[in-house]
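I opened the notebook to record what I looked up in this structure. The entries follow in the order in which I made them.

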Amino acid sequence: MSHNSFGHLFRVTTWGESHGPALGCVVDGCPPGVPLTAEEVQVWMDQRRPGQGKFVTQRQEPDAVKILSGVFQDEKTKVQVTTGTPISMLIENVDQRSRDYGEIATQFRPGHADYTYFAKYGVRDYRGGGRASARETAARVAAGAVARNILQGVAIRGAVVQIGPHAVDRSRFDWDQRTENPFWCPDAEMVPVWEEHLEKVRKAGSSTGAIVEVEASGVPAGWGAPVYGKLDAELAAALMSINASKGVEIGAGFASAAFSGEENADEMRMGNDGPMFLSNSAGGILGGISSGQPVVARVAFKPTSSILSLRRSIDENAVEIDLRTKGRHDPCVGLRAVPVVEAMTACVLADAFLRHRAQTGGGAFSPGQDGRA
């Protein structure tokens, strides 16, 4: 199977399956001397791990990460840093229940990748979807932790802004509130609404979709490249690679189609620290290059395909069947997608920073500067 890697200078390869003994990633291209410990990575892993509430899958995985290579602790300084060599990280699977999938060993679950994997490879791991499982995203979060340590001065934060038909009120939007509830919700008044909606969905054995928004502040002007290396194009590709994602927009996104030219243009004035934008319809990226504004993107996640309702399908022998998917599943994958969206954003930005530095000779940067040393 090809295409298990992404990135250019900061390159991530993930490996492993949902019901295998372990999964993990190899991060290549991280500069030497970046402080990195398993404890720092674990902070982000804990935000994604399953079993932390009744509205997520009850699979109990500690997601304890082990760093196997690419770091060294100096006995004098007692600080563990990267060495510039590939960083390999391992996450063991400890709570697989493969028996839950025995009945669908030869059946294609509607909405899943079962059919397309079988059509392409002629063989598939039906236990939880194998490589197609969202379990793979644990490795992405580990890689994102490395990227965050490279991106000193850049803050990345995500939130769920819509579940089903219920969207947050932008007038009440508060990033700090997202960590004070189990829904990553930046609108406190929407929490009970989402809770009621998800409770109905969960009890019905159904699922619902969601939209996750991510913002990266502190990104200086100059990252990315015109034409085929556009920062927004690479960010969109990375976010679209996340399981169950079906749409990505940057800045105003699809709403900009209804704007006038005057409404869409992000006007500029000179501020005390340089150029100042009066709006951010572009989502911090102009011509494929960061403008110094916050980079903003949103990802639409489809409803979880594993539901208890009978659905029409076929099996490997082309026999028409009706099936329901048993096992432990998220009624809304968007809830645990927030740290994954943040991680993929971090990986793309770390790669953009290193490529910008390589091309222009820029070194470490400070927020508000243009990325040059």
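I began with the side chain of Asp63, which makes a polar contact with the side chain of Arg135 at 2.8 Å. A polar contact is a pair of N or O atoms within 3.5 Å; within protein, one must be able to donate a hydrogen and the other to accept it, and residues adjacent in sequence count only if both atoms are side-chain atoms. The model is predicted: local features need pLDDT of at least 70, side-chain atom pairs count only at pLDDT 80 or more, and totals for chains, interfaces and linings use all residues. I noted that residues are numbered from 1 along each chain as its sequence is written, and that side-chain values use heavy atoms, with hydrogens and water left out.

I placed Asp63 in the loop between α1 (38–48) and β4 (65–67); helices (H or I, at least four residues) and strands (E, at least two) are DSSP runs, numbered from the N terminus. Is Asp63 buried or exposed? Asp63 counts as buried because its relative accessibility is 0% (buried means under 20% relative accessible area, exposed over 50%, partly exposed in between, with a 1.4 Å probe and protein chains only).

I then traced the sheet that contains β4. Its 5 strands form an open sheet in the order β1-β2-β3-β7-β4, with antiparallel pairing; two strands pair if DSSP finds at least two bridges between them. β1 (5–6) and β4 are the edge strands, each pairing on one side only. Between β2 (residues 11–16) and β3 (residues 22–28) I found 6 bridges in the antiparallel sense, and Trp15 stands opposite Gly24 in β3.

I looked next at the helices on this sheet. α1 lies across β4 and β7 (87–92) and runs at about 150 degrees to β4, whereas α3 lies across β2, β3 and β7 at about 30 degrees to β3. Axes are lines fitted to C-alpha atoms, for helices over the stretch in contact (heavy atoms within 4.5 Å), and angles run from 0 to 180 degrees between N-to-C directions.

Which helix crosses α3 (residues 137–150)? I found α7 (residues 334–360), whose axis comes within 7 Å of that of α3 and crosses it at roughly 45 degrees. α3 is therefore oblique to α7 (under 35 degrees counts as roughly parallel, over 145 as roughly antiparallel, 65 to 115 as roughly perpendicular and the rest as oblique). Residues making the contact include Ala143 and Gly144 of α3 and Ala346 and Phe353 of α7.
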